[in-house]
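Biologist: I would like to go through this model piece by piece. Show it first, then take my questions.

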Amino acid sequence: MVKVGIPRALLYYQYLPMWKTFFQALGAEIVLSPETNRALLASGAARVVPDTCLPVKVFCGHVLDLADKCDYVFIPAIASLHRRTHNCSKFLGLPDIARAVVPEARVLDVDINTPQGQRELYQSIYSLGRRFTWNPVKIKRAAESAWQAHRTYLATMAERGLAPPQMLDGQTLPDPEARPWATIAVIGHPYVIYDDFINLRLIGRLREMHVEVKTPEMVPHTQLAEGVIRLLGHPYWTYEDEVTGAGAYYLQTGVDGIISVTPFGCGPDSLMQDVVRRNAREPYRKPFMSLVIDEHTAEAGLVTRLEAFLDMLQRRRPGERQP
Ligand code: SF4
């Protein structure tokens, strides 16, 4: 059986159910890299130039980990998913980056550029499936099952208020007995806000402080898209909804504050989170904190920022006390 490795990084949190369903329907076995740890980051960072963003360093470490555990490492190149939107250049060139810096891995890639039309999309998927079978019907069925798995995954998270780690890894929800004294929205890309090593366990820390945490995946996609339109008129970035869309949604709903998490040196995120930050100040007057993280971010610094933010929230709501 062919073994396909999927790095537990970057687009893993958005698309694992879809990719897994597709490859398994074609008879492949899935191999996942472990959760991010210091050794993985160090091995990835050693392969790229220092100013590469933290998530890509982490990703290279995951690819390296999988190189000798599977026949292929699956790395898609996603250029765009909607008309007139653009993806970060790292995503466009991800398979080439991996081939250049981790030559020991056999990369299995696919080009996804949805605005080019359905015909090109089907051809890309068919070329990918041909690595496993010559039967076009089997590839079509695998693609249909994969798309259905993806839709179910997104709908379940939005309906039940779950985040990817609870869906993918079976992580448990916070203790319902502990009554939250505040609700905070954490916005950012899934590979930043759900990778506990990258964000120094941000969501877990907030829950331990009896804060209810909301994330972009808990919002139906239509409302994220409407949020982007409200703040910007038209999305520019492919994953704009995870930052601007979620920010716009939570600015209008009853959360007490918003925390935006951005990797140091990320161009797209610095623009997206600034739109939310400016709107949080005026007209919404919603407490907003921007956390910029890199591999040198210290735990003590993060905790101090969180505590200061929560203290500020509490001063705005004198009736509620932190447990
Ligand atoms: S969007 Fe930012 S964090 Fe994500 S891969 Fe691109 S540069 Fe890195």
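**Ligand shell, domains and sheet**

Modeller: This is a predicted model. By class, the shell around the ligand holds 7 nonpolar, 1 polar and 2 charged residues.

Biologist: Which residues surround the ligand?

Modeller: Two elements, α3 (54–66) and α13 (267–281), each give two or more residues to the shell. The residues around the ligand are Cys 53, Pro 55, Val 56, Cys 88, Lys 90, His 189, Pro 263, Cys 266, Pro 268 and Asp 269.

Biologist: Why does the ligand lie between domain 1 and domain 2?

Modeller: The domain assignment gives domain 1 as 3–159 and domain 2 as 163–316. The ligand lies between them because the shell takes residues from both domain 1 and domain 2.

Biologist: How many residues of domain 2 are in contact with domain 1?

Modeller: The C-alpha centres of the two domains are 25 Å apart. Contact here takes C-beta atoms within 7 Å. On that basis, 29 residues of domain 1 touch domain 2, and the number on the domain 2 side is 30.

Biologist: Which element supplies the largest share of the side of domain 1 that touches domain 2?

Modeller: At least two residues each come from α1 (12–25), α2 (38–45), α3, β4 (77–80) and α7 (136–160). By class, this side has 17 nonpolar, 9 polar and 3 charged residues. The largest share is 5 residues, and it comes from α7.

Biologist: Is Pro 55 buried or exposed?

Modeller: Pro 55 sits in helix α3. Leaving aside neighbours within four places in sequence, its contacts are Ala 9, Leu 10, Tyr 191, Val 192, Ile 198 and Pro 263. The cut-off for burial is 20 or more other C-beta atoms within 10 Å. Pro 55 has 21 such neighbours, so it counts as buried.

Biologist: How far apart in space are Pro 55 and Asp 269, C-alpha to C-alpha?

Modeller: Both residues belong to the ligand shell. In sequence, 214 residues separate Pro 55 and Asp 269; in space, C-alpha to C-alpha, the distance is 12 Å.

Biologist: In what order do the 4 strands of the open sheet run?

Modeller: Start at the edges, β8 (211–214) and β10 (288–293), each of which pairs on one side only. From one strand to the next, the twist averages 25 degrees. The pairing is parallel, and the order is β8-β7-β9-β10.

Biologist: How many bridges pair β9 with β10?

Modeller: On one side, β9 (residues 257–263) is joined to β7 (residues 182–187) by 4 bridges. There, Val 186 stands opposite Ile 259. Towards β10, Ile 258 has Phe 288 as its bridge partner. The β9 and β10 pairing is parallel, and its bridges number 6.

Biologist: Which helix lies across β7, β9 and β10?

Modeller: Helix α12 (residues 244–252) lies across β7, β8 and β9, at about 160 degrees to β7. The helix across β7, β9 and β10 spans residues 299–316 and runs at about 175 degrees to β10; this is α14.

Key:
Residues numbered from 1 in each chain as written. Predicted model: local features only at pLDDT ≥ 70, side-chain atom pairs only at ≥ 80, totals over all residues. Near = placed C-beta within 6 Å. Nonpolar A, V, L, I, M, F, W, Y, C, P; charged D, E, K, R; others polar. Domains from an automatic or database assignment. Pairing = 2+ DSSP bridges. Axes fitted to C-alpha atoms, helices over the stretch in contact; angles between N-to-C directions. Contact = placed C-beta atoms within 7 Å. Buried ≥ 20, exposed ≤ 12 C-beta atoms within 10 Å, placed from the backbone.
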